[in-house]
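Thanks for coming. Please have the model open.

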Amino acid sequence: MVEFIMYHYVKDVKNSLFPKLKALDFNDFKFQINFLKKKYDIIIIEKFYNNDFNKKRKNCILTFDDGYRDHYDFVFETLVKNNIKGAFYPPVDVILSNKLLDVNKIHIILASADEKKIFERLKFHYNLRNTSKNSLDFYIQKINTFCRYDNEITVIIKRLLQTSLDYELRQQLCDDLLKDFCKHSLKDLNNLFYLSRDQISEMKDNGMHFGSHGKSHFWFESLNTDLQESEISDSKLFLDNIYKDESYLLTMCYPYGSYNKITIELLKKYNFKIGLTTIPQIYNPDNNTFLEIPRLDTNDYPKSS
């Protein structure tokens, strides 16, 4: 049995810049690592792909999305101390362009104000900027608001700003809302959020795995074939530069868990071997292919609090 576990933010929550941002507290992370060590063999993703693990034991693989600076400041040292190797998935743009992604702008906005106030301002800015014939309700009606962790209004805000609206409009609205609710400048936020190339090199040299999370963290399902291919090929080139002349296992962690048949075919074309979803299940070789592996969330496991 192999369980893939998904992590995002891991930080000292009380002393962080945004204490209300949804994150796993560092103490809870350390507690969880100790719990997992007692119950599982924590294996690196290469051992899973090579079928090189003890199948009589419960096994788990730790995966870390989005390339956060947290993963160096808090996760990396803890894994090294415990002789654990994790799999990390930074989008290319956050490393090469030091560009604050819309997904993180949204997190900051939601951590800075009540969601009802945010939604009201979102409607206000949409009405000012909208050049189409569609009302905001036109897009809201199409949103599936089911979510394991967020309330309905939060899901609506996220989906509108992540994928439902046109790309340029989404960017404008994110920046509008940041100005409304966040006192920090974009430049300051850019420098605080993500891993650097040097940090990635140090982590890789200590046995951590790095894979693709796309170039710009888009929903793959919302992109046509050419744009999906660009996202995948650019991210592979980035990984080639990280690993240089080393042979390495090509893995993809789908941004937002979003993919379709086009994605799968493109991954095969570029020789990707593993694709990680956000489907909250335990991996079953009878039901799951290597390019559609489910993952449980850190919240599905015990924490000290």
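**Cavity, pocket, helix and salt bridges**

Helix H9 contributes three residues to the lining of the largest cavity, the most of any element. Before I go on, a word on the source: this is a predicted model, in which local features need pLDDT of at least 70 and side-chain atom pairs count only at pLDDT 80 or more, while totals for chains, interfaces and linings use all residues. Residues are numbered from 1 along each chain as its sequence is written, and side-chain values use heavy atoms, with hydrogens and water left out.

Helices (H or I, at least four residues) and strands (E, at least two) are DSSP runs numbered from the N terminus. On a 1 Å grid over the protein atoms alone, a cavity is a set of points where a 1.4 Å probe fits but cannot get out; a pocket is an open set with protein on both sides within 12 Å along at least five of seven lines; and lining residues have an atom within 4 Å of a point. Grid points are joined across faces, edges and corners, and a volume is the space filled by probe spheres set on the points.

How many cavities of 30 Å³ or more are there? The search of the whole structure finds one, and the volume of the largest cavity is about 150 Å³. Its lining has 16 residues, and those closest to the centre are Asp 102, Tyr 167, Ser 216, His 217 and Phe 218. Two or more lining residues come from each of helix H5 (102-110), helix H8 (152-164) and helix H9 (167-181). By type, the lining divides into eight nonpolar, four polar and four charged residues. Here Ala, Val, Leu, Ile, Met, Phe, Trp, Tyr, Cys and Pro count as nonpolar, Asp, Glu, Lys and Arg as charged, and the others, Gly among them, as polar.

Now the open space. The second largest pocket has a volume of about 310 Å³. Of its 16 lining residues, Lys 11, Ser 16, Leu 17, Asp 70 and Leu 192 lie nearest the centre. Helix H3 (70-81) and helix H10 (186-193) each give two or more residues to that lining.

Next, helix H12. Its buried residues (under 20% relative accessible area; exposed is over 50%, partly exposed in between, with a 1.4 Å probe and protein chains only) include Ile 232, Phe 238 and Leu 239. The buried residues of H12 pack, by contact (heavy atoms within 4.5 Å), against helix H4 (92-96), H11, strand E7 (209-210), E8 and helix H13 (261-269).

Last, salt bridges, meaning a side-chain nitrogen of Lys or Arg within 4 Å of a carboxyl oxygen of Asp or Glu. The whole structure has 20 of them. One joins the side chains of Asp 65 and Arg 295, at 2.9 Å from N to O. Asp 65 is in strand E5 (residues 59-65) and Arg 295 in the loop between strand E9 (274-276) and strand E10 (296-297), so this pair ties together parts 230 residues apart in sequence. Both Asp 65 and Arg 295 are buried.

Is Glu 246, the partner of Lys 204, buried or partly exposed? Glu 246 is partly exposed, at 42% relative accessibility, whereas Lys 204 is buried, at 12%. Their closest N and O atoms are 2.8 Å apart.

Asp 73 and Arg 69 also form a salt bridge, at 3.0 Å between the closest N and O atoms. Asp 73 is partly exposed at 33%, and Arg 69 is partly exposed at 28%.
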